[in-house]
Amino acid sequence: MSDSALVVASPWPRTGSTNLFAAQARYLATRGFHTAMLLAPHLPIHRSRNAAFWRDTLAAVERDCRSHPDDVGPDLITAGLTDQRLRRWRSAGFYRWLAHGRDSQLAVMARYARAATLPPELMAFLDSHDLRLIIASHCFQMGTVETVLHHLARRGRPRARVVLETQDVQAELYAVGKINNSFRGEPDAREVLTRDELRLVAGADALTHVTAHDLDYFRAHAPGRHHLTLATLAPTTEHRLLTLPEEPPLFDFLYVGNVNPGNEISLTWFLDEVAPRLAPDIRVAIVGPIASRLRTIRPDLHARWWLWCLGDVDDIADVYRRSAAVILPTRFGTGISIKTIEALAADRPVIATSLALRGLPIEPGRGGVAVVDDAAGFADAMEEMRRQRSTRAGSARALYGELFSNARYFARWDAVLADLGISPPTPASAGTPG
């Protein structure tokens, strides 16, 4: 049987994490593995009966993974099956939570993932290939990994090696973000989150990390193999941004945002504190679901700045093409900022707060990145950048190529496989590098 690999991904379309899932799948395919991607449910919103959610999610992931010109990507993209609920006194998950000593939300989600059924097409894939490697992201997806390993054991097949990409210290994220436990109705204690996260990651043969902070933390708390892989873009996104045609911009500045608390706080700060200081003829494009969300969370700001709110778009590369520069007025967030990496790939100068560069090995000033944290200074920097209309000599794109390109990301994963003693069917020298 031919060698295969599996990417276990959270069903989060159009997010920074999805860029990494797509890149992992393409990496494995370029190295000769027959590759499957399993979108694994871990919350009730992911129930199989939510047909519209899954239709849109699978379509978005298909675009990210299979729209590259050379058509190298996963052989199979599918989703786990579940109809579980998470309700106090009215769900099996609640009684499991009681039996496990009222543990954290991370453990609750891992059990939710563990109880999902593998779809028939994935079981057929596993039975017809020699599964050598599983790459999962986020500690709670180790529940899904356990299900896959159990399936292999029942078939009398060898255990696949497991790599977990941590993508943040989840205990820190859930504690700082005050994310409620589904059953407790309030946030878990930090020490309980930490205990459960470390228990979950212990099931992996190696851990990979997207930031030096994550690497240092887990090295200190979870002995074993660790690798810093950093982040990259989905291969299709990278291709579109690296090949943008040059043309006169329609917008002076671009802000891209999904709907999450960090973007809500950041955008409202920008519109409250920075925008009123700008010249009235400045042209800003606010793109993504956050533009529509603004009408709900701050109708007064939406009414004042509605001309800037373009809403969601099908092709993010198109708005980068029509924008002269990118703003990242980040005031709250964790993990890496994929928007910063997109801007570098598009070769657009960036004005950012220091928090926007969290987890990224970027020094202020490199690659056309200006860092300003106060509102007045941010507005002044925008006006100065608009006046200069700085010529882009490729410095931002060069920085992307040096740190975040698919080729660099793939090379780091080559080192991960080598450390695990896994020889890809197609070595890097013979495969597509990026």
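This is a predicted model: local features need pLDDT of at least 70, side-chain atom pairs count only at pLDDT 80 or more; totals for chains, interfaces and linings use all residues.
Trainee: How is the packing of two helices described?

Mentor: Two packed helices are described by the angle between their axes and by the distance between the axes. Take helix H4, residues 105-115, and helix H6, residues 142-154: their axes come within 6 Å and cross at roughly 30 degrees.

Trainee: Are H4 and H6 roughly parallel or roughly antiparallel?

Mentor: Angles under 35 degrees count as roughly parallel, and H4 and H6 are therefore roughly parallel to each other. The crossing in which H4 passes H6 is right-handed.

Trainee: Which residues of H4 and H6 meet?

Mentor: H4 contributes Ala 110, Ala 113 and Arg 114, and these meet Gly 143, Thr 144, Glu 146, Thr 147 and His 150 of H6. Sorted by class, this contact of H4 with H6 has 2 nonpolar, 4 polar and 2 charged residues.

Trainee: At what angle do H1 and H18 pack?

Mentor: Helix H1 (residues 16-30) packs with helix H18 (residues 406-419) at about 65 degrees, and the axes are 10 Å apart. H1 and H18 are therefore roughly perpendicular to each other. Their crossing is right-handed. On the H1 side the contact is made by Leu 20, Ala 23, Gln 24, Arg 26, Tyr 27 and Thr 30, and on the H18 side by Tyr 409, Phe 410, Trp 413, Asp 414 and Leu 417. The contact of H1 with H18 divides into 7 nonpolar, 2 polar and 2 charged residues.

Trainee: Now the sheet. What is the order of its strands?

Mentor: Strands of a sheet pair through backbone hydrogen bonds, either parallel or antiparallel. Here an open sheet of 7 strands is ordered S3-S2-S1-S4-S5-S6-S7, and the pairing is parallel.

Trainee: Which strands stand at the edges?

Mentor: Strand S3 (76-79) and strand S7 (225-228) do; each has a single partner strand, so one side of each has no neighbour in the sheet. On average, neighbouring strands of this sheet are turned by 20 degrees against each other, direction ignored.

Trainee: How many bridges join S5 to S6?

Mentor: Strand S5 (residues 161-165) and strand S6 (residues 206-209) run parallel and are joined by 3 bridges. Val 163 has Ala 206 in S6 as its bridge partner, while Leu 164 is partnered by Leu 207. On to the next pair: S6 and S7 pair in the parallel sense over 4 bridges, with His 209 opposite Leu 228 in S7.

Trainee: Which residues lie on each side of S6?

Mentor: In a regular strand the side chains alternate between the two faces of the sheet. In S6, Ala 206 and Thr 208 are on one side, with Leu 207 and His 209 on the other. These four are all buried, and both faces of S6 are covered.

Trainee: Which strands does H18 lie across?

Mentor: H18 lies across S4, S5, S6 and S7, and runs at about 170 degrees to S7.

Trainee: Which residues does Thr 330 touch?

Mentor: Leaving out residues up to four places away in sequence, Thr 330 touches Ser 266, Thr 353, Leu 355, Ala 356 and Arg 358.

Key:
Residues are numbered from 1 along each chain as its sequence is written. Side-chain values use heavy atoms; hydrogens and water are left out. Axes are lines fitted to C-alpha atoms, for helices over the stretch in contact, and angles run from 0 to 180 degrees between N-to-C directions. Helices (H or I, at least four residues) and strands (E, at least two) are DSSP runs, numbered from the N terminus. Angles under 35 degrees count as roughly parallel, over 145 as roughly antiparallel, 65 to 115 as roughly perpendicular and the rest as oblique. A crossing is left-handed if the near helix is turned anticlockwise from the far one by less than a right angle, and right-handed if clockwise. Contact means heavy atoms within 4.5 Å. Ala, Val, Leu, Ile, Met, Phe, Trp, Tyr, Cys and Pro count as nonpolar, Asp, Glu, Lys and Arg as charged, and the others, Gly among them, as polar. Two strands pair if DSSP finds at least two bridges between them. Buried means under 20% relative accessible area, exposed over 50%, partly exposed in between (1.4 Å probe, protein chains only).
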